[in-house]
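I opened this notebook to record what I looked up in one structure. My entries go from single elements to the whole chain.

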Amino acid sequence: MEAAWPPDLPSGDARELLAAGLDLLRADATGIGRAHWPAVFPASRQGLAPAFATARFRIQAAIARRDGSPDRAVVHLVWAGTDRGGTFTDGRITDWHFTRTNTPKGASTWTPQPYT
């Protein structure tokens, strides 16, 4: 993926986005950590049974890139997992979109966008 889409974000932003993207995917797929992301996983989604087993879940590749402007980014993840029925699949693809927001003190942070 790196060769197909060269890096275009500062390294600190890329690290922050990758960490958040990995956490979001893990929360979405396994249910672990959903409470940390209430804007993405509202209370109505907190109790949903996870689709994938935590023991059989792994990230195969991940990149963070700009998404049309300097204040928008996307984290592309390729991952594998075993669903509740026991079927293992790899090469699954998930994208998480983020926008950069500024705090009152002038710092900026990346905010994940909920599914639409």
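Entry 1, terms. I took helices (H or I, at least four residues) and strands (E, at least two) as DSSP runs, numbered from the N terminus. The model is predicted, so I noted that local features need pLDDT of at least 70, that side-chain atom pairs count only at pLDDT 80 or more, and that totals for chains, interfaces and linings use all residues. Residues are numbered from 1 along each chain as its sequence is written, and side-chain values use heavy atoms, with hydrogens and water left out.

Entry 2, secondary structure. I found 2 helices and 4 strands in the protein. Along the sequence they follow the pattern α-α-β-β-β-β.

I located A20 in helix α1. Is A20 buried or exposed? Buried stands for under 20% relative accessible area, exposed for over 50%, and partly exposed for what lies in between (1.4 Å probe, protein chains only). A20 has a relative accessible area of 13% and is therefore buried. I then looked up its contacts, where contact means heavy atoms within 4.5 Å. Not counting residues up to four places away in sequence, A20 touches W37 and F98. I also noted that 8.2 Å separates the C-alpha atoms of A20 and P112, which are 92 residues apart along the chain.

A nonpolar core is a set of buried Ala, Val, Leu, Ile, Met, Phe, Trp, Tyr and Cys residues joined through side-chain atoms within 4.5 Å. The largest such core has 21 residues, and L9, L17, L24, W37, F41, W96 and F98 touch the most other members. At least two residues of this core come from each of α1 (11-30), β1 (52-66), β2 (72-83) and β3 (88-102). Helix α1 gives the most, with 7 residues. For L17, I left aside neighbours within four places in sequence and found contacts with L9, A64, A73, V75, F98 and W110.

Of the 116 residues in the protein, 31% are buried. Among contacts between residues at least 6 apart in sequence, 47% join residues at least 24 apart. The C-alpha atoms fill a box of roughly 45 × 35 × 20 Å, taken along the principal axes.

I counted Lys and Arg as positive and Asp and Glu as negative, without His and the chain ends. The place of a charge was NZ of Lys, CZ of Arg, CG of Asp or CD of Glu. The protein has 13 positive and 11 negative side chains, and the centres of the two sets lie 5 Å apart.
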